[in-house]
Amino acid sequence: MIQNNADEGFLFLADDEHAPITPMHDLDVWHLLIVDDDEEIHTVTKLALNDLIVLGKRLQFHHAYSGQQAIDFLLKQPDTALVLLDVVMETDDAGLQVVRRIRDELRMEELRIVLRTGQPGYAPEESVIKEYDINDYKTKTELTRSRLVTSIISSIRSYQQIKTINQNRLGLQKIISAGANLLEQHSLHEFSEGVVTQISSLIGLHAEGVLCAQIEDDGSASDRIYVLGAAGHYAPYIKCQLERLENKRIVEQINLCLLSKRHIFTERDTVLYLGNEKHNAAVYIETNRSIDAADQQLIEVFLTNISIGYENVALFQQLRHAAYIDPLTKTPNRNEFIQILQDTRRFEPDNMVAVLVDIDHFSDVNDGLGQEVGNELLVAVTLRLIEHFGISCQLGRVGADVFALVGPEDQLTPSRLKAVFSTPFQAFEHSLQVNATFGLCHLRDSGEQGMVIMKHVYIALNKAKKTLGVHHQYYEPSMEDEVSNRLNMLRKLRADFALDKLELWYQPQLCIKTQKVVGMEALLRWPHQPNQYISPAVFIPLAEYSGLIVEIGLWVLEQACQQLQRLAEAGYTNLRIAVNVSMPQFRSAQFVPSVIETIQRYQVAPHLLELEITESVVMDEPNRVISALQKLKSFGIKVAIDDFGIGFSSLSYLQQLPLDRIKVDRAFINAMDQPDGGLIAETIINLGKRIGLQTIAEGVETAEQLAVITQMQCDEVQGYFFAKPLPHAELMAYLAEN
């Protein structure tokens, strides 16, 4: 197998000098697989080639001792350049079977194969060599070191040429695909990625790089430079500003290229200028070596041919940006920012946070100072956010007065966000001090889809807006459960209301002097399970928020009028019924006409119907409420104010309201057990008498409380001491006994 007496022995030449071996990375070596069942062949082959450098790279040796081992290795190491393959191993044609599997099964067309055999009688068929693209075939006896080296160099050159051609084809396919599919959402980024890949393959490198452009999202000139396409570990920075790469070398080289409008070739990297005065870009490639003159010419020819294509794609991108860029702030709109969230979640899920910034009471600026001032304020807020977070984070405008940010969680903190609004904003001649509410969501706590992330941030924002004294909230899964439960409860409420499952109960109201029933308050009940009811404190706010309270309120009004009819038929002709009215009902243009129409339809005396409003309803929109109540009062309907003194009382509005009765809230009744606890209740009762209004205390549960309010000369009372809220049948029985 080995001719030791040959002038050029297979291995052991007296004048061989082996250079010292230094460790190399995978990209700096050629992977060579030795396949032979003879251990000595592995040893002598490695020794013979150990100091060989081919096209600037050393050889990385791998070993297999059977055909199956060879196949298993190639499955794990698909970028193997060359296989030195023994023909005869476990079987006479084991090597040939490996060749067939490499080409037919593994589809490895770039891999080069050199066949060796120690038994010339088992030479492969000529058809096998032709059919399966075998580089060389030698018997081991004729393989001197120089011949082996020649075969290795020839094969590796062939491998590199085939791989370069394939890379060229892949890069061109990306560029052609981007040009032919301009209507694709990210055609510019696909085109840019293709340019980076193609240039790398042209110069025979597996290089990584980026293509950046000094282009504003609306196509106008801008000092901000964006990453349009990238390959390798730079891919996550597509669509980001160049500074986010946090690589000073790349930033400086790209800026120099765009400023000088020329190519830059160094021993470390290559920066190429692309485009024209209107649409210019720079391609940065990590080469880690100088590019020879021939490759430089090849690159320049390539860039000349694709520059028109880049200009066309850039022009189309301007049209596409009109659908994805907010025209006022020149930042991504909602659609684009959702995609940014999705891309960030995909590439950088850890330690990143999404934020929504909602400007408080922005509509007041538009209404009071005009839309132009409002727009100028939005631009000022945009610039301030960019000033604070522009380099590390991405910004967008996703609503009329809502901005979105995504970036590192150590940057987008509540304190730093609040600091943005610590000083006034200048909008034309106006200096405006505005505040904001923030919703935040860690990307690792959210889903992979941009829409899901946006939904979660909005959940946090809404939670913050509904919580008094809180200006920010982080998203928690329990919040979504809460929202889901509310939606389910609202759907159930709508369904049960449609099926007439809601009930109206009545709590008697008594004259303190006579201890006789003078009326009752209608109270809504929602059965949940047998003998179980959902608290009105839970479902009434939900009905008000959804607007369903308007329909429910009309139903309650009709039920109350029907009850007045039944009371009259039973001989109780002077008992009144109080019905609670909420703010959404007052906002309905049909509220006043519907109340009057219902009373007339059921032919009940208007003075027997009393509308109860809370102080918070009055203070919400006082003019609207006062106007509606005055119309109803003129028709003969009574009006009572509930929860007086609980909210922000305004005596001026109290004098304007057409009231008949003031209710002393149960909170003041419960406080009577404390020192001076009855002072507020007594003040309200005295106030009512001074302005000619009846007073009624609610929530009276003990004889002691009754004695105190009797001494205060309160007119009427309701509470558990006398009766709980009762359904119709129990109410009629109670009236018969009292």
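Reader: In which hand, left-handed or right-handed, does helix 16 pass helix 25?

Author: The model is predicted, and in it helix 16 passes helix 25 in a right-handed crossing. The axes of helix 16 (residues 548-569) and helix 25 (residues 728-737) cross at roughly 35° and come within 12 Å.

Reader: Which residues meet where helix 16 and helix 25 are in contact?

Author: From helix 16 come Gln563, Arg566 and Leu567, which meet His728, Leu731, Met732 and Leu735 of helix 25. Sorted by class, this contact has 4 nonpolar, 2 polar and 1 charged residues.

Reader: How should I read the open sheet of 5 strands, and what is its strand order?

Author: In general, the strands of a sheet pair through backbone hydrogen bonds, in either a parallel or an antiparallel way. Here the order is 8-7-11-10-9, and the pairing is antiparallel. Strand 8 (226-231) and strand 9 (264-265) each have a single partner strand and stand at the edges, so one side of each is left without a neighbour in the sheet.

Reader: How many bridges join strand 9 and strand 10?

Author: Strand 9 pairs with strand 10 (residues 269-275) over 2 bridges, in the antiparallel sense, and isoleucine 264 has valine 271 in strand 10 as its bridge partner. Helix 7 (residues 248-260) packs on the sheet, where it touches strand 7 (209-213), strand 9, strand 10 and strand 11 (280-286), and its direction makes about 140° with that of strand 11.

Methods: Residues numbered from 1 in each chain as written. Predicted model: local features only at pLDDT ≥ 70, side-chain atom pairs only at ≥ 80, totals over all residues. Heavy atoms only, no water. Pairing = 2+ DSSP bridges. Helix = DSSP H or I, 4+ residues; strand = E, 2+ residues; numbered from the N terminus. Contact = heavy atoms within 4.5 Å. Axes fitted to C-alpha atoms, helices over the stretch in contact; angles between N-to-C directions. Left-handed = near helix turned anticlockwise from the far one by under 90°. Nonpolar A, V, L, I, M, F, W, Y, C, P; charged D, E, K, R; others polar.
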